[in-house]
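Here are my notes on this one, as numbered points. Have the model open while you read.

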Amino acid sequence: MGETQAKKVSLVQTILFTICSVLVLDSLAGAPAFAGVRSITMWLIFAVIFFIPYGLLNAELGSTYPDAGGITSWCTRAFGEHVGVQVGWFYWINVAFWMPAVFLTFAYWLSYTFFPAASVWVIAAISLIMSWLIVWIGYRGVELSVTLTSIASICKMAILVIFGILGAAYVIRNGPANAFTIDDFKITSMSDMSSGLAIIVYNLLGFELIGSIGDKIDNPEKTIPKMSILAGVAITVLYVIGTFGMLAALPAETIDTMDGFYYALEELCSVFGAGQKPILGILVIVSCLTLVSNMISWTLGANESLIAAELDKRNRFLGARSRYGTAGNLYIVMGVLSTVLLILNFLLGSEEANAIFWDIFSFCLVIFMIPYLVMFAAAIRLRYSDAERKRVYKVPGGNAGMWVCGILCFGCICICLYYMFADDIAAGNRFALWVKIIGTVLSAAVGEYLYRAGGKKC
């Protein structure tokens, strides 16, 4: 009590927060690595058949139900508490497993540029420090998180624009690393896309994240639809620019899915001649800061989403709020989980152990996408079950338009999930396949436990 009322999140801040959430530099290399120049075509196709419908659904849900908790709240309204708890839990555990992977990338990018002889323990220490920095920032409050993501999103947009400009300069000076003929852009079958499709859709997810703090947005009924349009256009254009820059500098078959962004940036900076190293150093620092911003926005959204599943009545410790009003203990648990995963990764120490770490992380992509299946179904259900509620924004085309958008989005996620399993089977990677299956089952079991724990305490 006695504290001044927190400032509302403005339209500009929601746009920047969403751009910061959706744009991810660390996985930008995935699509061009799998699909080459065709990935540019794929970005444009899925902007139309997935990203736009997804934005429209998010705009209706977010403006109609500007609740704290976003996706968890919407799914609970549509399908009840049981489903809502599982959605909130899946959303949260994905981010908890993602954080150590992001900060491994952060540490390696810095080491490649400034201390290439660093030991694995230096890399581990940097990763751990950054994980706990995110915990501290998130613990301190929503306003600090939104402010930092606004600044970082501007940096992220600038990096991708620079990436594209350097790509053009590189082509003029050295010629492109890949052919950009009409045939190279063509997609002749679904097999041309395969895993590249899953990576592109994955890179487009996060529109709903701002909904996790919907009750803190200024005039959400008008702000969220405007944000969806403006942020959606910006994100699509920036991804295409970034992909072009990468393909201008590196042959598609040599692009590393983990560090491809760094190696492309290093090659692009060669256009500066003797100035390559200092300029690369500046751009790497800015790029690393954007990774930090991703984790600020996603940990905020995931923690608020899980709290929205009435976590306080399920587990007093996990559901506790800090004195800053944040999901304080959930942040701490994320930090502990990140620490354990990082230490295990470096203690095992071999290349095989590192591959196991990334296979374990890969199951997070599965549990990350499952809540979206529920969210898209919830949008359709709420149009009927809560038809009397005033909607200041509605998906165009009436109920038919809602069905078209919902089916397109639902179908794209299903295809992505299919390829995640089918590619492991085709490659004979049984370990990765079983990690996905067992990890998903165990995650669902923990979500079930949380739900039943709440029932016992009622």
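Helices here are DSSP runs of H or I with at least four residues, and strands are E runs of at least two, numbered from the N terminus. This is a predicted model, where local features need pLDDT of at least 70, side-chain atom pairs count only at pLDDT 80 or more, and totals for chains, interfaces and linings use all residues. Residues are numbered from 1 along each chain as its sequence is written, and side-chain values use heavy atoms, with hydrogens and water left out.

1. Have a look at the end of α4: just after this helix, Gly80 takes a positive phi of about 100 degrees.

2. Asp259 sits in the loop between α10 (220–249) and α11 (260–268). Asp259 is buried but has no salt bridge, and Lys156, the nearest side chain of opposite charge, is 16 Å away. (A salt bridge puts a side-chain nitrogen of Lys or Arg within 4 Å of a carboxyl oxygen of Asp or Glu.) What joins the side chains of Asp259 and Tyr112? A polar contact of 2.8 Å; the term means a pair of N or O atoms within 3.5 Å, and within protein one must be able to donate a hydrogen and the other to accept it, while residues adjacent in sequence count only if both atoms are side-chain atoms.

3. Ser63 lies in helix α3 (residues 38–64). Ser63 counts as buried because its relative accessibility is 2%. The Ser63 side chain reaches the backbone oxygen of Glu60 at 3.4 Å.

How values were computed: Buried means under 20% relative accessible area, exposed over 50%, partly exposed in between (1.4 Å probe, protein chains only). Lys and Arg count as positive and Asp and Glu as negative; His and the chain ends are not counted.
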